Amino acid sequence: MSLHIVEKFFDSISNRDVDTAMSLLTDDHVSHDHGTGMVMNGIAENRADMENWLSMMSDMKVEILNSGESGNCVAVEMRMTGVNTGEIMMPDGTKVPATGKSVEMLGCNVVEFDGEKMSKSTQYYSMMSMMAQLGLMP
């Protein structure tokens, strides 16, 4: 039942509709991004993170490849694609200029729900794979 909310969240990202994406989160939503090592608490931090990704990647699309649902949790295998046309904000605050290169990353997102809203999400993907595709590391 909650899978449709995750689908709507990813569709919102793909359509660059941050407001709709944020409306699907609880006010105290916690997002753990294991690719960057960052933890975003609440709507403001999650919005800033999403806006950062969207400014970094034009044509960013997130697609669900496989999913499973149990109790108040949904796990999805996903593919993210995009073109790096904006600066890359590193976790330490430094910025890397846009490369103009395309990226495809595979990952997993585990989402917990409080009623009809996403209360916690944990993303697993390889940041090293993205950096290699951008030519920023071997």
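Q: Which residues of β7 lie on its covered face, and which on its uncovered one?
A: In a regular strand the side chains alternate between the two faces of the sheet. In this predicted model, the covered face of β7 holds Val103, Met105, Gly107, Asn109, Val111 and Phe113. The uncovered face holds Ser102, Glu104, Leu106, Cys108, Val110, Glu112 and Asp114.

Q: What are the strand order and the pairing in the sheet?
A: Strands of a sheet pair through backbone hydrogen bonds, either parallel or antiparallel. Here 6 strands make an open sheet, and the order is β2-β1-β8-β7-β4-β3 with mixed pairing. The edges are taken by β2 (38–41) and β3; each has a single partner strand, so one side of each lacks a neighbour in the sheet. Ignoring direction, neighbouring strands of this sheet are turned against each other by 20 degrees on average.

Q: How many bridges join β7 to β8, and how many pair β4 with β7?
A: β7 and β8 run antiparallel and are joined by 8 bridges. β4 and β7 also pair in the antiparallel sense, over 11 bridges.

Q: Which residues other than glycine have a positive phi, taking Arg16 and Asp59 as cases?
A: Arg16 is not a glycine, yet has a positive phi of about 60 degrees. Arg16 sits in the loop between α1 and α2 (18–23). With a relative accessible area of 41%, Arg16 is partly exposed. Asp59 is the other case, with a positive phi near 55 degrees. Asp59 is placed in strand β3, and its relative accessibility of 56% makes it exposed.

Q: What is the volume of the largest cavity, and which residues lie nearest its centre?
A: The count comes to 1 cavity of 30 Å³ or more. The largest cavity has a volume of about 420 Å³. It is lined by 25 residues, and Ile13, Asp49, Trp53, Met60 and Gln123 are nearest its centre. Elements giving two or more residues to this lining are α1 (3–14), β1 (25–33), α3 (42–56), β3 (57–70), β4 (73–84), β7 (102–114) and β8 (117–125). The largest share of the cavity lining, 5 residues, comes from α3. By type, the lining of the largest cavity divides into 16 nonpolar, 7 polar and 2 charged residues. Gln123, among the residues nearest the cavity centre, is also the bridge partner of Asn109.

Q: How much space lies in the largest pocket, and which element gives the most to its lining?
A: The largest pocket holds about 280 Å³ of space. It is lined by 19 residues, with Thr36, Met38, Asp49, Asn52 and Met89 closest to its centre. Two or more lining residues come from each of β2, α3, β5 (88–89) and α4 (127–133). α3 gives the most to the pocket lining, with 6 residues. The lining of the largest pocket divides into 13 nonpolar, 4 polar and 2 charged residues.

Q: Where is Ser55 placed, and which residues is it in contact with beyond its neighbours within four places in sequence?
A: Ser55 is in helix α3. Its relative accessibility is 45%, so Ser55 counts as partly exposed. Leaving aside neighbours within four places in sequence, Ser55 is in contact with Arg16 and Gly86. Arg16 is the loop residue with the positive phi described above. Ser55 and Thr94 are 39 residues apart along the chain, and 15 Å separates their C-alpha atoms.

Methods:
Residues numbered from 1 in each chain as written. Predicted model: local features only at pLDDT ≥ 70, side-chain atom pairs only at ≥ 80, totals over all residues. Heavy atoms only, no water. 1 Å grid on protein atoms, 1.4 Å probe; cavity = no way out; pocket = protein on both sides within 12 Å on 5 of 7 lines; lining within 4 Å. Points joined across faces, edges and corners; volume = space filled by probe spheres on them. Nonpolar A, V, L, I, M, F, W, Y, C, P; charged D, E, K, R; others polar. Pairing = 2+ DSSP bridges. Axes fitted to C-alpha atoms, helices over the stretch in contact; angles between N-to-C directions. Buried < 20%, exposed > 50% of the residue type's maximum accessible area, 1.4 Å probe, protein only. Contact = heavy atoms within 4.5 Å.
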